[in-house]
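I opened this model to look up a few things in turn.

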Amino acid sequence: MTKDLSIKDLLLPYVVMVVVIFIMQDATYVFILSCIAIISLVFLIGLRIKDINICVLAMMNLSSILIENLLFSTGLISLYSDEENRLLQNSIIFGLSMARELLILVLLTYRVEITKWLFPKHQIRATFADSIMPWLYLIGAAMSFFALIENYFRNGKGYDITFFFYAFEITGYLIFSTICAMLVALTVISYKEAYELKVPTIKKRS
């Protein structure tokens with residue numbers, strides 16, 4: 001007896017593999033550019049098939065990445081600190097990250113209502129991504145909060161604890177990778193529905 005493996009079944013191993021490669025190579029800049037490219041492509045496909053749900057989800061997540069890059073990658077907020085200002089600088093970094101994640105969390109939580117208000121003439125529906133993405137940003141906000149507390153004990157009180165400090169960037173890789181994977185899967189499903197195409201499957205050999 002054989003079982004069909006759909007695209008969604010094959011997506012997770014590739015996502016994990018790509019994330020591991022980026023973490024091992026410490027290629028943050030390339031990773032961010034890849035996420036921007038994927039989400040932008042998803043947005044363009046959403047426009048092509050006239051799916052406003054995909055477009056709004058893509059724009060919300062793209063805004064999250066662009067806000068982070070505007071704050072940190074451009075040097076507006078420095079990611080470097082010395083012994084004298086480490087407590088303050090890290091507090092600003094983790095605090096702004098938490099604020100960004102909470103902002104996107106609120107927008108995603110009310111995504112359907114916001115989309116209906118902005119585009120009342122379009123067909124608005126809740127997707128599986130609307131159920132999962134808020135949890136991802138909630139996890140990100142929690143990591144930023146715990147990193148903020150840990151920073152106080154590490155740099156303010158002198159305790160040698162770095163768990164959330166080192167897990168912070170890895171969590172970001174995982175969250176953004178999962179978001180990109182979900183947007184791609186959602187786009188494939190919507191594209192299939194729009195053009196009545198069959199999603200390719202790979203069958204296991206018996």
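**Cysteines**

I looked for disulfides, taken as pairs of cysteine sulfur atoms within 2.5 Å, and the structure holds zero. Cys180 is in no disulfide, and the nearest cysteine sulfur, that of Cys35, is 3.8 Å away. I then checked burial, where buried means under 20% relative accessible area, exposed over 50%, and partly exposed in between (1.4 Å probe, protein chains only). Cys180 counts as buried at 5% relative accessibility. Cys55 is buried too, with a relative accessible area of 5%.

**Ground rules**

I note that this is a predicted model, in which local features need pLDDT of at least 70 and side-chain atom pairs count only at pLDDT 80 or more, while totals for chains, interfaces and linings use all residues. Residues are numbered from 1 along each chain as its sequence is written, and side-chain values use heavy atoms, with hydrogens and water left out.

**Salt bridges**

I counted a salt bridge where a side-chain nitrogen of Lys or Arg is within 4 Å of a carboxyl oxygen of Asp or Glu. The count comes to five.

Which residues are linked in a network of salt bridges? I found Glu68, Arg100 and Glu101. Between Arg100 and Glu68 the closest N and O atoms are 3.1 Å apart. Arg100 lies in helix α4 (residues 86-109) and Glu68 in helix α3 (residues 52-73), so this pair ties together parts that are 32 residues apart in sequence. Helices here are DSSP runs (H or I, at least four residues), numbered from the N terminus. Arg100 is buried at 7% relative accessible area, whereas Glu68 is partly exposed at 23%. For Arg100 and Glu101 the closest N and O atoms are 3.2 Å apart, and both residues are buried.

I also looked at Asp130 and Arg111, a salt bridge with its closest N and O atoms 2.7 Å apart. Asp130 is in helix α6 and Arg111 in helix α5 (residues 111-118), 19 residues apart. Both are buried.

**Surface**

I found a nonpolar surface patch of about 720 Å², whose residues include Leu87, Phe145, Phe146 and Tyr159. Patch residues have over 30% relative accessible area and no salt bridge, with nonpolar side chains joined within 5 Å and like charges within 9 Å. Helix α6 (residues 128-156) gives the largest share, five residues. Tyr159 sits in the loop between α6 and α7 (163-195).

**Confidence**

I checked pLDDT, the predictor's confidence in each residue, from 0 to 100. The protein averages 80, and 80% of the residues score at least 70. Over residues 1-10 pLDDT stays under 50. Where pLDDT is low, the predicted coordinates should not be read in detail.

Definitions and conventions: Areas by Shrake-Rupley, 256 points an atom, 1.4 Å probe, with all protein chains shown as cover. Helix = DSSP H or I, 4+ residues; strand = E, 2+ residues; numbered from the N terminus. Contact = heavy atoms within 4.5 Å.
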